[in-house]
Amino acid sequence: YELDLHYAIATMSSPADLALFFLQKLACILSAVGSLMIISQVTRSQFNRKKTQQRLMLCISIIDFQTSIVWIFTPLFMPEYSGYPWSVGNRASCDTQGFIVQFSSAGFLYMCCLQFMYLLMIKYGWKEREITKLEKWFHIIPNAFGIVTATTALVLKQYNAANWDCWIAPLPADCTSSYEVNKGNTELTETDCIRGDMANIFRFAFFFAPLWASILFCIVTMIVVHRTMKKSELNFQKKYRYSQNSRNRQVSDEVKKQSIRYSLAFFIVWTFPTLARIVQFFQEVHPVLVVLSGTSIGLQGFFNALIYFRPRYAKCVKHKRWYNKVWALVHSTIFFCCYNDDYTKDSVDYVGRTSINTEQTSMSMTAKSMGPQQIVGSPEGKDEEKREEKDDEWHSNGEEGDATTKVKWASETQG
């Protein structure tokens, strides 16, 4: 590390450096808080933990949270010779951050799994029990890719100080890789890279190629979901003018919209980093684009939280002002140990959203007490299998099957 240290002597000599340092920290703080709220809400709710969609969001949020934390505390990981402000790290700490950042590539593969799950539910009508059988692959593929690529880069000594963190980068930054030497594009007979030889190739293979493939997959999925929404909406209007299934229809449409929202958030986060990487192939990246890339890349957890808690925020009638609603939401998820109230306690909230009447509630309670086979003429008494299928439908749409448990759903389920 004592060789060619002029590479690492950098200072925050421009407004862009200052903006990148502080804006990225702010973005990562927001993302860490949002991810922690989702983690808290899923792990503390028995109902949410039973749903595949919620478990996928839990894994996405865990990855976003740990990545945001290491970016917030980048000075602790960056080597002292890097010239990064207040850097106190060393080679081991730099490798640690690089490993975590590279493992975050599992996050956008998890996003593909989430969109694929929505596609199976919306386009092909899969039930929760069918999705559950496939769920193990939703976890194996992203985690295997993240661990294998992060470990490979660690063994090949690819982690070095980059623009704003430790990741796959050459050391020195302007060194000639062995790939260019073998092509004969230089007078050198061997690479002069101390570490990070062929870093650009590993960046593309381990991160940007799967990232762009994931973006393309989500675009295709979003288009299919949108077309399915339009087609089913037209069919619904033709068949039913006035129907008791309007509530089910609204919930189903909300699930489809959630799928599109998650995709759009994913696109927004990675738009500027993608543009910066494309520009880098032809010329030096403008400092403004570097700042936008470094800031937006840390906002994934924040956008996910906005989408995830949007239904719960919308149905809160206890608070009138938006900042009171937001604080109560943060209080009930992160500081739940000292939060004794229910975020959506008002009965108007439940009844208005689920349209539960006394007759439905009474019949459901009777069904539970007497058993499904003892009630003649009720859906429960006619066929237990039909009831399970109905519950699967409610689960896929974000609600519970029984009328009495819809009240519980209104206070627990999100996203």
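The structure is a predicted model, in which local features need pLDDT of at least 70, side-chain atom pairs count only at pLDDT 80 or more, and totals for chains, interfaces and linings use all residues. Residues are numbered from 1 along each chain as its sequence is written, and side-chain values use heavy atoms, with hydrogens and water left out.

Start with the overall fold. The chain comes out as 19 helices and two strands; these are DSSP runs numbered from the N terminus, with helices being H or I of at least four residues and strands being E of at least two. Of the 415 residues, 50% are buried, where buried means under 20% relative accessible area, exposed means over 50%, and partly exposed is in between (1.4 Å probe, protein chains only). The chain exposes about 21400 Å², and carbon and sulfur atoms supply 62% of that. Those areas come from the Shrake-Rupley method with a 1.4 Å probe, and for residues only the protein chains shown count as cover. As for contacts (heavy atoms within 4.5 Å), residues 24 or more positions apart account for 72% of those with a separation of 6 or more.

Now for the inside. The largest nonpolar core holds 72 residues, and those with the most contacts inside it are Leu114, Met117, Ile168, Leu211, Tyr262, Phe266 and Trp270. Helix H6 (residues 105-122) puts in the largest share of this core, with 13 residues. A core here is a set of buried Ala, Val, Leu, Ile, Met, Phe, Trp, Tyr and Cys residues joined through side-chain atoms within 4.5 Å. Setting aside neighbours within four places in sequence, Leu114 touches Gln53, Leu56, Met57, Ile60 and Tyr262. There is also a second, separate core of six residues, including Met78, Tyr84, Cys94 and Cys166. Helix H11 (residues 287-296) is largely enclosed by the rest of the structure, because seven of its ten residues are buried. Those are Leu289, Val290, Val291, Ser293, Gly294, Thr295 and Ser296.

Lys157 sits in the loop between helix H7 (128-155) and strand S1 (159-161). With 48% relative accessibility, Lys157 counts as partly exposed. Beyond its neighbours within four places in sequence, Lys157 is in contact with Arg195 and Gly196. Gly196 is 39 residues away from Lys157 in sequence, yet the C-alpha to C-alpha distance is 5.9 Å.

On to the cysteines. A disulfide is a covalent bond between the sulfur atoms of two cysteines; the cut-off used is a pair of cysteine sulfur atoms within 2.5 Å. By that rule the count is two, and with the bonded cysteines numbered in sequence order the pairing is 1-2, 3-4.

Cys94 is in helix H5 (residues 91-103) and Cys166 in strand S2 (residues 166-168), so to speak distant parts of the chain, 72 residues apart. Both Cys94 and Cys166 are buried.

The other pair is Cys175 and Cys193, with sulfur atoms 2.0 Å apart. Here the S-S torsion is 85°, a right-handed link. Cys175 lies in the loop between S2 and helix H8 (178-183) and Cys193 in the loop between H8 and helix H9 (199-239), so the bond ties together parts 18 residues apart in sequence. Both Cys175 and Cys193 are buried as well.

Cys59 is also buried, at 18% relative accessibility, but the closest cysteine sulfur, in Cys113, is 9.8 Å from its own, too far for a bond. Cys28 is buried too, with a relative accessible area of 0%.
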